[in-house]
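Good morning, and thank you for coming. I would ask you to look at the sequence and the structure on the screen while I speak.

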Amino acid sequence: MKKSITMLWILFLAAIPTLSAQSIANSSDPCPLVTLPPHAQNLCSVLALIPYPQKAVQAEIEGMVQVRIWVSERGNYLRHQTVQSSHELLSEAVTGYVSQLEFAPAQQNGAPVSACVHLPFIFRLQPKGSASICTPKKPDVPVIVVKGR
């Protein structure tokens, strides 16, 4: 019984196609499971560039934009998709800067692979002059606050 289950597992694993950077970049499917996801190395630097849209400040719009970013096996940005957004103005602010992110590539069993990562960008209105905050809860799931008013 154990041998047949092991053999089925091996056949299942052998049937999984290898994902190339091109297939990842053209996919809208969920991110493939990897042992170590891509990690944005310059996240806080890019965050500092993202402006709080003036129209959103005037309308007192706050919210979150969640972006799925596809990353090559070399850590290069391939493309992104907005998965969820509280408001179009906030989405536009984020998507203009996502391509500037630089990544440590994902790893699968110690080897670099193409994969994707989800990053939430949270917009909160604070007093004028407050700095943006970049505080990762976990390396692959940062809490990013873009302040403005």
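Which residues of H5 are buried? They are Leu90, Ser91, Ala93 and Val94, where buried means under 20% relative accessible area, exposed means over 50%, and partly exposed lies in between, with a 1.4 Å probe and protein chains only. Seen down the axis of H5, these buried residues fall within an arc of 160°, so they line one face of the helix. The arc is that of the directions from the helix axis to the C-beta atoms. In general, an α-helix has 3.6 residues a turn, so residues three or four places apart point the same way.

Before I continue, a word on the model: it is predicted, local features need pLDDT of at least 70, side-chain atom pairs count only at pLDDT 80 or more, and totals for chains, interfaces and linings use all residues. Residues are numbered from 1 along each chain as its sequence is written, and side-chain values use heavy atoms, with hydrogens and water left out.

Let me turn to the overall arrangement. The protein has five helices and nine strands; helices (H or I, at least four residues) and strands (E, at least two) are DSSP runs, numbered from the N terminus. Along the sequence, the pattern reads α-α-β-α-α-β-β-α-β-β-β-β-β-β. Of its 149 residues, 34% count as buried.

I return to H5, which covers residues 88–95 and includes Ser91. Ser91 counts as buried because its relative accessibility is 6%. Beyond its neighbours within four places in sequence, Ser91 is in contact with Val65, Thr82 and Ser85, contact meaning heavy atoms within 4.5 Å. The cover over the buried residues of H5 includes H4, E2, strand E3 (77–85) and E7.

What does the largest nonpolar core contain? It has 24 residues, and those with the most contacts inside it are Ile69, Leu101 and Phe123. Such a core is a set of buried Ala, Val, Leu, Ile, Met, Phe, Trp, Tyr and Cys residues joined through side-chain atoms within 4.5 Å. Helix H3 (43–47), helix H4 (54–58), strand E2 (63–71), H5 and strand E7 (115–125) each supply at least two residues of this core. E7 gives the most to it, with five residues.

Strand E7 is mostly covered, with nine of its 11 residues buried. E2 and E7 pair in the antiparallel sense over nine bridges; two strands pair if DSSP finds at least two bridges between them. Val67 has Leu119, in E7, as its bridge partner.

The whole structure holds one aromatic pair. The rings of Tyr52 and Phe123 have their centres 5.2 Å apart and their planes at 85°, so the pair is edge-to-face. By definition, rings of Phe, Tyr and Trp (its six-membered ring) pair if their centres lie within 6.5 Å; planes under 30 degrees apart count as stacked, over 60 as edge-to-face and the rest as tilted. Tyr52 is in the loop between H3 and H4 and Phe123 is in strand E7, 71 residues apart. Tyr52 counts as buried, at 9% relative accessibility, and Phe123 counts as buried at 1%.

Finally, I come to two loop residues. Glu60, in the loop between H4 and E2, has a positive phi of about 55° although it is not a glycine. Glu60 is exposed, with a relative accessible area of 55%. Asn109, in the loop between strand E5 (106–108) and strand E6 (111–113), has a positive phi of about 55° and is not a glycine. Asn109 counts as exposed at 67% relative accessibility.
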